[in-house]
Amino acid sequence: MLIAGFPAGAWGTNCYLVAPGAGEECVIVDPGHQAAQGVEETLRKHRLKPVAVVLTHGHIDHVASVVPVCGAHDVPAWIHPADRYMMSDPEKGIGRSIGMPLMGELTVGEPDDVRELADGAKLSLAGLDFTVAHAPGHTKGSVAFSTPEAADVPSVFFSGDLLFAGSVGRTDLPGGDMDDMLASLARVCLPLDDSTVVLSGHGPQTTIGRERATNPYLRQVADGLGSPDAPRRGM
């Protein structure tokens with residue numbers, strides 16, 4: 001499996017292109033602020049043909065380039081229905097004080113083809129299989145995508161702003177909820193195998209095993225002790 005990622009825009013949001021290999025169809029994960037050029041460069045570099053965009057949640061730093069990317073390649077965008085409104089009205093998801101300085105640079109709205117995600121759904125796209133896990137906490141419609149483990153290839157977990165290396169997503173924006181976040185960590189992350197590779201919405205890649213051992217939030221959830229007083233990340 002080929003995974004090519006790059007941090008995009010003012011918030012350094014990770015955008016990923018996922019394909020069975022070079023020269024094949026691919027899925028684009030979270031084309032956020034100023035990601036369109038990086039997407040096109042990565043497509044050319046690896047000779048990829050996009051078939052879909054999938055979104056971990058609706059915050060503008062993860063969806064700002066959805067309209068131009070989907071329009072350029074005539075592909076659908078997949079998002080959880082609870083976050084769909086943010087594509088057309090991003091200020092409701094992040095608050096005016098965060099969004100306004102960049103609003104003039106952004107193309108808001110929905111692409112022509114929007115499809116809705118559901119918890120437990122199985123997506124077969126570009127010759128790859130993804131399982132969808134609804135994981136509210138950062139937003140009401142946050143989801144994570146995982147690929148199955150294969151021979152000598154660990155599962156990959158696209159966690160969005162649910163789980164980061166050493167931290168979790170912030171819950172102080174509209175729709176955020178710490179109780180939901182902790183419940184999602186317990187239900188979605190803890191059952192994953194330690195070898196699972198975690199590709200987050202921000203920051204470096206990690207593994208579930210590393211986070212189980214060192215991430216204060218995941219450790220506290222595993223021990224049933226509630227939320228630690230530790231920094232959180234994301235927009």
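Author: Before we start, contact here means heavy atoms within 4.5 Å. Also, this is a predicted model.

Reader: OK. Which residues of α6 meet α8?

Author: M178, L182, L185, A186 and C189 on the α6 side. They meet Y217, L218 and V221 of α8.

Reader: How many of those are nonpolar, polar or charged?

Author: The contact of α6 with α8 has eight nonpolar residues, no polar ones and no charged ones.

Reader: And what angle do α6 and α8 pack at?

Author: About 80 degrees, with the axes 10 Å apart. Angles of 65 to 115 degrees count as roughly perpendicular, so α6 is roughly perpendicular to α8.

Reader: Switching to the sheet. What order are the strands in?

Author: The order is β1-β2-β3-β4-β5-β6, in an open sheet with mixed pairing. β1 and β6 (114-116) are the edge strands, each pairing on one side only.

Reader: How do β5 and β6 run, parallel or antiparallel?

Author: Parallel, joined by three bridges. I79 has E116 in β6 as its bridge partner.

Reader: Which strands does α1 touch?

Author: α1 packs on the sheet and touches β1, β2, β3 and β4 (49-54). Helix α3 also packs on the sheet, touching β3, β4 and β5.

Reader: New topic: the largest nonpolar core. Which residues touch the most other members?

Author: L17, I28, V53 and V66, out of 27 residues in that core. The largest share, four residues, comes from β1.

Reader: What is L17 in contact with?

Author: Leaving aside neighbours within four places in sequence, the contacts of L17 include L2, F6, I28, V39 and L48.

Key
Residues numbered from 1 in each chain as written. Predicted model: local features only at pLDDT ≥ 70, side-chain atom pairs only at ≥ 80, totals over all residues. Heavy atoms only, no water. Core = buried A, V, L, I, M, F, W, Y, C linked by side-chain atoms within 4.5 Å. Buried < 20%, exposed > 50% of the residue type's maximum accessible area, 1.4 Å probe, protein only. Helix = DSSP H or I, 4+ residues; strand = E, 2+ residues; numbered from the N terminus. Axes fitted to C-alpha atoms, helices over the stretch in contact; angles between N-to-C directions. Parallel < 35°, antiparallel > 145°, perpendicular 65-115°, else oblique. Nonpolar A, V, L, I, M, F, W, Y, C, P; charged D, E, K, R; others polar. Pairing = 2+ DSSP bridges.
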